[in-house]
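Open the model in your viewer and keep the selection tool ready. Each stop below says what to pick and what is there.

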Amino acid sequence: MKYGAVNHDGAILTKDNIKTPEQLDELLVIIGDCQKNYSQYKLEGIAISAPGAVSDHGVIYGSSAIPFIHGPNIKTLIESKTGLAVSIENDANCAALAEVWKGSAVGKNDIAVVVIGTGIGGALIKNGFIHKGTHLHGGEFGYMILDSDNLGKGMSTFSEVASTYSIIKRVAFEKNIDPTLLTGENVFLQAEKGDEICQQAIEEFYRMLAIGLYNIQYMYDPELILIGGGISFRKELISKLKEELRSITGKIEVATLMPAIDRCYFSANANMVGAVYNFLQKTKQNN
C-alpha cells in the first residue's frame, strides 16, 4: 500500500509504502499514524485510490484482493478517525485522472484509458470528470465480447483475447505446455529470436487489441485513447496498433475515424496523483 503527501500542483512531496493490512481496524490505525507523521504539512484531506466499484457516498462495492474494504462506508470511517475530508475513487479511474491533470491527456476533455495486464481494465473521462455509469462499470472494457464463437471458453472477452496473459495462453496452447512456465517477456524474447508460434501469438494480440480500441472509438468517440500497463512501455506498441487500426478501417467501408492513441505518461505514481486530482475536483464541487 503506497502513501504520501501531494500538493495542489500534483507534486509528490514524500512517499513510502507499507504492507497491506489484513483488517479494517489496522488500516484505520495506519492512516491515523500517517496523519501524525505528516503533521508538518497543512493537510486538507485524504485522497484514496482503491480497487472495486467505488460509490460517491463512500461504500466500495464488488470484490478485490482486499476483502475488508467492501461493505462498510470507508469514507465515513476515515473521516471520523481523522477529522479530515476524504475522497475515494477506483484505481483505474485515478490513473485516468492523473493523465488528464498532468499526463498525456492534458487539455483533453473526453478520453478513454485502457490498462493492460493479466486482464484489461480502464476508465472513461467525460468533460474532464470520471464517467462511472449507472452501475459503476463505466470503462470496464475487459467485459466486451470480441469472439462470440468462444463464449464461455476463456477466449471470448476483451480481457481474454487482448491482455498480456492472452499471449501466454496462445503460446502454451500451441506448444502444449503449462502456461505458468511462460512469461510475457519471455514470449517477446523468443519471438525476436524467430519463434513463429510466439510471433503469431503477439500478432494476434495486437490485432485483437486494435479491434477493441476501434470499438471503443465508435462507442464513446473520445479525443484520445491512452494505453497503460507494463506492455505500454514497449517501443513498438503504438506503431503496431496504428498499423492494425489502419488495416481495420481500410476494410470497413463506412469507417471514417482513425482512433488517436498514445501511451500513458504515468506508471508507478498514477494512482496517487489521480486520487489527489479527484479530491480537488470533489472539493471544488462541494464548495
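**Stop one: the sheet**

Select residues 111–116 and 224–228: strand S7 and strand S10 pair in the parallel sense over five bridges. Two strands count as paired if DSSP finds at least two bridges between them. Helices (H or I, at least four residues) and strands (E, at least two) are DSSP runs, numbered from the N terminus. Pick Ile111; Leu224 in S10 stands opposite.

Now widen the view. The open sheet has five strands in the order S9-S8-S7-S10-S11, with mixed pairing. Its edge strands are S9 (129–130) and S11 (261–263), each pairing on one side only.

A note on the model: it is predicted, with local features needing pLDDT of at least 70, side-chain atom pairs counting only at pLDDT 80 or more, and totals for chains, interfaces and linings using all residues. Residues are numbered from 1 along each chain as its sequence is written, and side-chain values use heavy atoms, without hydrogens and water.

**Stop two: salt bridges**

The whole structure holds ten salt bridges (a side-chain nitrogen of Lys or Arg within 4 Å of a carboxyl oxygen of Asp or Glu).

- Select Lys175 and Asp195: their salt bridge is 2.6 Å, N to O. Lys175 lies in helix H5 and Asp195 in the loop between helix H6 and helix H7, so the pair ties together parts 20 residues apart in sequence.
- Select Arg234 and Glu192: the salt bridge here is 3.3 Å, N to O. Arg234 lies in the loop between S10 and helix H8, Glu192 in helix H6, so parts 42 residues apart in sequence are tied together.
- Finish with Asp56, Glu89, Lys132 and Lys282, linked in a network of salt bridges.
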